[in-house]
Amino acid sequence: MINLKSTGILILIIAAFMVPVSAHGVHVTTNESAIIIADNSTSKLARSVADEMGANITVYKFGSADAVLHELEHALDDSNKKILVVAYTDTVQKFIKQHSEVSSRIIVADPNKSSIQQGLTKLNVAGATSSGFLTPLLSGLLIGLVFGLGVGAVWMKRKML
């Protein structure tokens, strides 16, 4: 038979050594300096646009507005965090109105390709370039022109001698 007195003392001893834990949720993006907040319907588009632009940014799928608010609260403490939002835009707009100090680091974009590109450019994310096809084309033409003129000059000089 179990002694109730010793059981009660054991429970009191265990309760005395328990430490209370206070936490308000898991911080999803621990060391990320730039993130995209998306949901199931916008995450693939955001990832493809970021990859196309060569942006060094991570896309996170959030399941609720509360999880987004929690992440935005962490952005208040981290002045280096840049966030592009393509989902839960109403929630984020309310948050920005309450905390105007983060308005330069949190950009809200529509879930379409051009808006996401503009948002990444505004955030100045490393690797995000909006030059597209024109810059490599012009660079190649310039290099080819300089090389071609040099080769042509050498060839013409040899032909004359």
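User: What do the buried residues of α5 pack against?
Analyst: They pack against β1, α2, β3 (82-85) and β4. Buried means under 20% relative accessible area, exposed over 50%, and partly exposed in between (1.4 Å probe, protein chains only). Helices (H or I, at least four residues) and strands (E, at least two) are DSSP runs, numbered from the N terminus. This is a predicted model, where local features need pLDDT of at least 70, side-chain atom pairs count only at pLDDT 80 or more, and totals for chains, interfaces and linings use all residues. Residues are numbered from 1 along each chain as its sequence is written, and side-chain values use heavy atoms, with hydrogens and water left out.

User: Which residues of α5 are buried?
Analyst: Ser 115, Ile 116, Gly 119, Leu 120 and Leu 123. They cover an arc of only 135° around the axis, so they sit on the same side of α5. That arc is taken from the directions from the helix axis to the C-beta atoms.

User: And what is exposed on the other side of α5?
Analyst: Gln 118 and Lys 122 are exposed there.

User: Switching to Pro 111, where is it found?
Analyst: Pro 111 is in the loop between β4 (106-108) and α5 (113-123).

User: Which residues is Pro 111 in contact with, leaving aside neighbours within four places in sequence?
Analyst: Thr 42, Leu 45 and Val 86; contact means heavy atoms within 4.5 Å.

User: How far apart are the C-alpha atoms of Pro 111 and Val 85?
Analyst: They are separated by 8.9 Å, with the two residues 26 apart along the chain.
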